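The paragraphs after it go from the whole chain to single residues.

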Amino acid sequence: MTRDEVRAVLTEVLVEIQDLGGEEVPEIDDQTCPMKDLADFDSLSAMEAVTQLSERLSEKLDPTLFWQKDRTPLSIEEIVDRICRTIGVGEGGSRE
């Protein structure tokens, strides 16, 4: 799996969660911060996203994937970085 594929899976999960909640889905790019930029996306939504991502990537992910220890929300780029480190995708590379 490549970094771009990780980003695509993350985006797909976020879009699905927003659709299921009846929320409008804005364009999602690397600077999008789900906890700030997606309507009604809260800690419960983040937990649902982590669960879905873990299933789709066949990898246990940190439940606090969407924010830093000080509760600062992360951008898509930062979340993708965290996922890639967890599943072993190198910078611009792919998972072995």
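**From the whole chain to its residues**

Of the 96 residues in the chain, 36% are buried. The model is a predicted one. The chain exposes about 5,500 Å², and carbon and sulfur atoms supply 46% of that area.

What kinds of elements does the chain have? There are four helices and zero strands. Read from the N terminus on, the order of elements is α-α-α-α. The radius of gyration is 12 Å, close to the 12 Å that the globule rule gives for 96 residues, so the chain is as compact as a globular protein of that length. Along its principal axes, the C-alpha trace spans about 35 × 25 × 25 Å. Contacts can also be sorted by how far apart their partners are in sequence. Taking contacts between residues at least 6 apart in sequence, 57% join residues at least 24 apart.

The next topic is the interior. In soluble globular proteins, nonpolar side chains tend to be buried together. In this chain, the largest nonpolar core has 26 residues. Those with the most contacts inside this core are Leu10, Leu14, Phe41, Leu53, Leu65, Phe66 and Ile83. Which elements give two or more residues to the core? They are α1 (3–20), α3 and α4.

Phenylalanine 41 and phenylalanine 66 are both buried. A pair of aromatic rings is described by the distance of the centres and the angle of the planes. The chain has one aromatic pair. In this pair, the ring centres of phenylalanine 41 and phenylalanine 66 are 5.6 Å apart and the planes stand at 50 degrees, so the pair is tilted. An angle under 30 degrees would count as stacked and one over 60 as edge-to-face. Phenylalanine 41 belongs to the loop between α2 (34–37) and α3 (43–57), while phenylalanine 66 belongs to the loop between α3 and α4 (76–87), so the pair ties together parts that are 25 residues apart in sequence.

What else does phenylalanine 41 touch? Setting aside neighbours within four places in sequence, phenylalanine 41 is in contact with Leu14, Ile17, Gln18, Pro34, Met35, Ala46, Ala49 and Phe66. Among these partners is Leu14, which is also listed with the residues that have the most contacts inside the core.

One is serine 58. Serine 58 has a positive phi of about 55 degrees, although this residue is not a glycine. Is serine 58 buried or exposed? Its relative accessibility is 63%, so serine 58 counts as exposed. The other is arginine 71, also placed in the loop between α3 and α4. Arginine 71 is not a glycine either, yet has a positive phi of about 75 degrees. With 52% relative accessibility, arginine 71 counts as exposed. Arginine 71 also lies over the face of tryptophan 67, at 4.6 Å from the ring centre.

Helix α3 can be looked at through two of its residues. Serine 54 is found in this helix. Serine 54 has a relative accessible area of 17% and is therefore buried, since buried means under 20%. Not counting residues up to four places away in sequence, serine 54 touches Glu59, Lys60 and Leu61. Threonine 51 is also placed in helix α3. Threonine 51 has a relative accessible area of 39%, so this residue is partly exposed.

Glutamate 78 and glutamine 31 are 47 residues apart along the chain, and their C-alpha atoms are separated by 8.8 Å. Arginine 85 lies in helix α4 too. Arginine 85 has a relative accessible area of 62% and is therefore exposed.

Methods: Residues are numbered from 1 along each chain as its sequence is written. This is a predicted model: local features need pLDDT of at least 70, side-chain atom pairs count only at pLDDT 80 or more; totals for chains, interfaces and linings use all residues. Side-chain values use heavy atoms; hydrogens and water are left out. Rings of Phe, Tyr and Trp (its six-membered ring) pair if their centres lie within 6.5 Å; planes under 30 degrees apart count as stacked, over 60 as edge-to-face and the rest as tilted. Buried means under 20% relative accessible area, exposed over 50%, partly exposed in between (1.4 Å probe, protein chains only). A charge sits over a ring if NZ of Lys or CZ of Arg is within 6 Å of the ring centre and within 35 degrees of the ring normal. The radius of gyration is taken over C-alpha atoms; the globule rule is 2.2 Å times the number of residues to the power 0.38. Contact means heavy atoms within 4.5 Å. Accessible areas come from the Shrake-Rupley method with a 1.4 Å probe; for residues, only the protein chains shown count as cover. A nonpolar core is a set of buried Ala, Val, Leu, Ile, Met, Phe, Trp, Tyr and Cys residues joined through side-chain atoms within 4.5 Å.
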